[in-house]
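Colleague: Hi! Could you walk me through this one? I'm still new to reading structures.

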Amino acid sequence: MVLYFTGTGNSRYAARIIAEEAQDELVSINELMKKDFHGTLTSTKPFVVVSPIYAWRMPRVVEKFLREVTLDGSREIYVLVTCESQTGNAVTYVKELCQELSMTLKGFTAFYMPENYILMYPEVKEEQAKASIEKITPRIHAVGKEIAENKAIPIKKPTIIAKMQTGLVNPIFYRLLVKAKGFHTTEKCTGCGKCENLCPLNNIRLIDGRPIWGDDCTHCVACISGCPSEAIEYKKKTQGKSRYYVK
């Protein structure tokens, strides 16, 4: 079973290829979260989790989801992450989570894909994004083949600097930046409701045809990146920036 969490589509893109190569079931964590699923997921093959990295660690909502469901059948798991360039100390937290879940980590690796956090970083031009995806796609296929053959994927040991990066930055990222306050719509909003449908935490509600954000936000930026009218902004940080979204 290939489980994936995604905001702008990077992890979904990778997960689809992995599932195809491994001839395995593809399951959206986003959809399960929206349904408040806390049941049992069963797989005779090793589980595969594909997730982005937020401030050099797997998103807290993904860790929470994996703790609250029951993974039945195989006791092996691969964790594949998507990020722009660095994973920091993410693997250490993944190892701790696997130990907590009584799972054996069979492999951990990263796929370097276009930067999508436009709330902080510059926009990625369409040509750059396309080139980045084309470059990483063969490697995703290769990893999928390794998983299909039940091979272990080497796990690199994080450096001291990487450990410091995650330990210092990740808590600050959540404490100071991960807040829904700041999201708003412009006059381009049509009230289509796509942002409400995309939000994995059901944190957006349409009221009088306009989206209203609650307090439960993970900054996956699915709403702002997936809006077909590009009508959602975050404070003034995203104004004038093109959106990145992989369908």
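Colleague: How many salt bridges turn up in the whole structure?

Modeller: A search of the whole structure finds nine salt bridges. Keep in mind that this is a predicted model.

Colleague: Okay, can you show me one? Which residue does Lys145 meet in a salt bridge?

Modeller: Lys145 meets Glu21, side chain to side chain, with 3.1 Å from N to O. In general, side chains of opposite charge can pair when their charged atoms come close.

Colleague: And where do those two sit in the chain?

Modeller: Lys145 is in helix H5, while Glu21 is in helix H1, which covers residues 10-22. The two are 124 residues apart, so the pair links distant parts of the chain.

Colleague: Nice. Switching to rings: how many aromatic pairs are there?

Modeller: The search of the whole structure gives four aromatic pairs. One of them is formed by Tyr117 and Phe173.

Colleague: Is that one stacked or edge-to-face?

Modeller: Edge-to-face: the planes of Tyr117 and Phe173 are 65 degrees apart, and the ring centres are separated by 5.9 Å. It counts as edge-to-face because the angle is over 60 degrees. This pair also links distant parts of the chain, 56 residues apart. Tyr117 lies in the loop between strand S7 (104-112) and helix H5 (126-148), and Phe173 belongs to helix H6 (residues 160-177).

Colleague: Now the big picture. Which domains does the assignment give?

Modeller: The domain assignment gives domain 1 (2-172) and domain 2 (179-234). Their C-alpha centres lie 24 Å apart. The contact takes eleven residues from domain 1 and 15 residues from domain 2.

Colleague: How much area do domain 1 and domain 2 bury between them?

Modeller: About 1,100 Å², with 64% of it on carbon and sulfur atoms. In domain 1, the residues that lose the most area to domain 2 are Lys34, Tyr54 and Leu119, together 47% of what that side buries.

Colleague: Which helix gives the largest share of the side of domain 1 that touches domain 2?

Modeller: That's helix H2 (residues 29-34), with three residues. Overall, that side of domain 1 divides into six nonpolar, four polar and one charged residue.

Definitions and conventions: Residues are numbered from 1 along each chain as its sequence is written. This is a predicted model: local features need pLDDT of at least 70, side-chain atom pairs count only at pLDDT 80 or more; totals for chains, interfaces and linings use all residues. Side-chain values use heavy atoms; hydrogens and water are left out. Domain bounds come from an automatic or database domain assignment. Contact means heavy atoms within 4.5 Å. Buried area is the accessible area (1.4 Å probe) that two parts lose on being put together, summed over both. Helices (H or I, at least four residues) and strands (E, at least two) are DSSP runs, numbered from the N terminus. Ala, Val, Leu, Ile, Met, Phe, Trp, Tyr, Cys and Pro count as nonpolar, Asp, Glu, Lys and Arg as charged, and the others, Gly among them, as polar. Rings of Phe, Tyr and Trp (its six-membered ring) pair if their centres lie within 6.5 Å; planes under 30 degrees apart count as stacked, over 60 as edge-to-face and the rest as tilted. A salt bridge is a side-chain nitrogen of Lys or Arg within 4 Å of a carboxyl oxygen of Asp or Glu.
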